[in-house]
Amino acid sequence: MTARRSWWKLALGVIFTALMLFPVYWMVNVSLTRTQDLRLSPPNIFPVNPTFEGFEAVMRQQLPNLGTSLLIGLGCVVLTVVIAAPAAYAIALLNLRGGRTLNFILLVAQMIPAVVMAMGFYAIYVRLGLLNSVWGLILADSTIAIPFGVLLFTAFMSGLPRELLQAAKVDGANAWRTFISIVLPMSRNSVLTVSLFAFLWAWSDFIFASTLARNSELRPVTLGIYAYIGNNTTQWNAIMATAVVASIPAAILLVVAQRYVAAGVTAGAVKD
Amino acid sequence: MTSSLTRRPAPGTDTVSVTVPDPRKRRPSRLLGSKWVAFAFAAPLIAYLLVFYAFPLIRSIDLSVHDYTIRAFVQGNAEFVGFENYAAVLSSPLFGQALLNTTLFVAFSLVFQYALGLALAVFFRNNFPLSGLLRGLFLVPWLLPLIVSASVWSWMLNSDSGIVNSVIVAFGGEQINWLTSPETALTSVIIANIWLGIPFNLVILYSGLQNIPIDVYEAASLDGAGAWKQFWSITFPLLKPVSAITLLLGLVYTLKVVDIIWIMTAGGPANSSTTLAIWSYREAFGTGQPDLSPAAAVGNLLIVIALIFGFFYLRIQRREATS
């Protein structure tokens, strides 16, 4: 490939990326627009008179919601890792009987529509009084991440060198000790990957939040945005500013996970 | 960065499939402890699956064969009605429309996501400066919370103040009531959903392309095959298994989409963008009065459809893993 041709491709690639990311740019642009300029026709392509009105509204109205989302996200991460990692260890390294069946069940579990799960949870939570609670949302949101977590950990742990486990056995370590001091530390990249995705999915969840925490005092930020859309259609700069803030975890994940996803994921949806 | 992208878990919305090595292929002597130790490590997961997957599912089947009113719901004395809810759903005039909308939504989303994803994957296969970075940026729509994407698209497609209409008008076109007219509402949500699905298709197809040996292209090149010919005689046929996996997985995910449609149009106007998943969601939670029994019936029909295609996917995936 000549240098000239590759520059052409770079230019084309930049154009494609710009087109693809235009909605994201537009979100930032609108978030910085003054309320009186929102209905301009045609709209300003750049934030001509940038204002932080929208972000001030976020600070005034959405901070508690952001805190709730953070709490739910972190709770979900802990629950996911605590349940998924030992199970994957059993499947990948302890030759769990029925491990294949378990994997199959997890694959099928991921195909169940969230709306059906939400109904089941709703019916159960009504009885248990778990509606509108942070705990209820953590438990429900974790159903998104746990099957993924088990499958990812299993794929990674299956690739760990068996000699290490042999050595641990010779040194007199039992299964639990081996798990805590050898397998988990070696799997830290996949722990990080699973944690990042568990956090992101819990943070982004709308279906469970809108069904199980509809009348909650503690609302996650996704419901905060949804309520905004329903109530004041004039304040799109505030809606977009909230959207910008709600996108921060995704941005962090994109920057951070590039490194860890590579190390942690040993198998993708497609066989390598 | 290049390798990280080919190896990320490649799900569309909220799920992932990973090819797990078959434990039967290598069964060394038990390294640590007995089978009871193994079971103890898996026990929390098994308990979790029973309580948080099996139980809600059984509960939703239970809802669909009873007539649950709000009162019966709290008291727990709903009347058993067998398949009445299913019969009512199947004979409802909305069923045909919801099924048609679901089919259109899924079909158009998949075709365009796949075509655009494949075109971009082929494009990014030429390593040019910064291609890894640009490919990374393409993941952004997939990582954003759906409420964010949906509200951005809502505002972009706004009739009076949206950027899309002002571009159309600037080129001499007519303003389109994207979200508020029954003719275009479904198209609008399909456009947004295609945008959301491109990253998933790009990532999987790109990693599929990486597995096609480069010398096949070199041989074709020597035989005088141009880029177009190479694509149709090499890339596309060799990518068929990966394509099948991408499309089936995409299908299963697209069937259950609720967020994006609900936030943009709530299934309206006049049910013009109501899919089966939206119908179920609206019956259950869209109004002040949750009507869970018909909602569960619609939802369970959706599960059946999703699982039929899901098993096709699992079969193809297994065949790929063993080949």
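**View 1. Confidence along chain B of the predicted model.** Chain B has an average pLDDT of 84, and 88% of its residues score at least 70. Helix α5 (residues 93-125) of chain B has the highest confidence, at a mean of 95. The lowest is in helix α1 (residues 2-6) of chain B, at 34. In residues 1-17 of chain B the pLDDT is below 50, and this stretch makes 68 contacts in the model beyond near neighbours in sequence. Residues 23-29 of chain B are also below 50, with seven such contacts. Where pLDDT is low, predicted coordinates should not be read in detail.

**View 2. The interface of chain B and chain A.** Here 119 residues of chain B are in contact with 114 residues of chain A. The two chains bury about 10,800 Å² between them. Carbon and sulfur atoms account for 74% of that area. Ten residue pairs are in polar contact, both at pLDDT 80 or more. On the side of chain B that touches chain A, helix α2 (residues 35-64) of chain B gives the most, with 19 residues. That side divides into 79 nonpolar, 26 polar and 14 charged residues.

**View 3. The surroundings of B:G267.** B:G267 sits in the loop between α14 (259-264) and α15 (276-286) of chain B. B:G267 counts as buried because its relative accessibility is 0%. Leaving aside neighbours within four places in sequence, B:G267 is in contact with B:I261, B:S272, B:S273, B:T274, B:I278 and B:R282. B:S92 is 175 residues away along the chain, and its C-alpha atom is separated from that of B:G267 by 16 Å.

How values were computed
Residues numbered from 1 in each chain as written. Chains lettered and ligands numbered in written order. Predicted model: local features only at pLDDT ≥ 70, side-chain atom pairs only at ≥ 80, totals over all residues. Heavy atoms only, no water. Helix = DSSP H or I, 4+ residues; strand = E, 2+ residues; numbered from the N terminus. Buried < 20%, exposed > 50% of the residue type's maximum accessible area, 1.4 Å probe, protein only. Contact = heavy atoms within 4.5 Å. pLDDT = per-residue confidence, 0-100. Buried area = accessible area lost by both parts, 1.4 Å probe. Polar contact = N/O pair within 3.5 Å; in protein donor to acceptor, adjacent residues only side chain to side chain. Nonpolar A, V, L, I, M, F, W, Y, C, P; charged D, E, K, R; others polar.
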